[in-house]
Amino acid sequence: MAVALPGCGLSPLYGGGADGPVQSTFAAIEVAPIDGQSGWLVGNALRDRLTGASGGARYRLEVKLDDQIAGLGVRRDDSVARERRTLRARYQLIDLTTGAVVLDATAGSDAGIDVVGSEYATIAAERTALERLSGNVADQIVARVARFAQTSK
């Protein structure tokens, strides 16, 4: 089976280590500032995953977020029993040498939150959900940028 894999055209996404096309592209990306608390979380997650530009960046990653909380379940007294937090991102990878948008895509994730009697507990659950969603969205963006890097080299 190991002999058949090279013949089928499959190759490791992160093949080549630090000198490979994916890691070298990651090192050449600067993440533009993103507005809001969710932007701060997503921006930090992206910087952690992309390892940041070491000197001169070739690409800039611009991200616009849409963070919403909607009530789902309603109790008999018309209070919300469950919420859904949705984090959507539209992102563009811009080649700084030409100014061209080389990647334009979206990512998103959502989470359910139980609304309990304690307002503090509900707020803590909403923040925890946002942290988790920020990581999920950052993972999706990085995976898509990695596919771009592998196919463009």
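Start by selecting Asp114: with 48% relative accessibility, this residue counts as partly exposed (buried is under 20% relative accessible area, exposed over 50%, and partly exposed in between, using a 1.4 Å probe and protein chains only). You are looking at a predicted model, in which local features need pLDDT of at least 70, side-chain atom pairs count only at pLDDT 80 or more, and totals for chains, interfaces and linings use all residues. Residues are numbered from 1 along each chain as its sequence is written, and side-chain values use heavy atoms, with hydrogens and water left out.

A salt bridge here is a side-chain nitrogen of Lys or Arg within 4 Å of a carboxyl oxygen of Asp or Glu, while strands (E, at least two residues) are DSSP runs numbered from the N terminus. Arg82 is partly exposed too, at 34%.

Next, select Asp110 and Arg84, whose side chains meet in a salt bridge at 2.6 Å, N to O. Asp110 belongs to strand S4 and Arg84 to strand S3, so this contact ties together parts that are 26 residues apart in sequence. Colour by accessibility and you will find Asp110 partly exposed at 37% and Arg84 partly exposed at 35%.

For the last stop, pick Arg60 and Glu62. Their salt bridge has its closest N and O atoms 2.7 Å apart. Arg60 is partly exposed at 24%, and Glu62 is partly exposed at 24%.

Terms used: Helix = DSSP H or I, 4+ residues; strand = E, 2+ residues; numbered from the N terminus.
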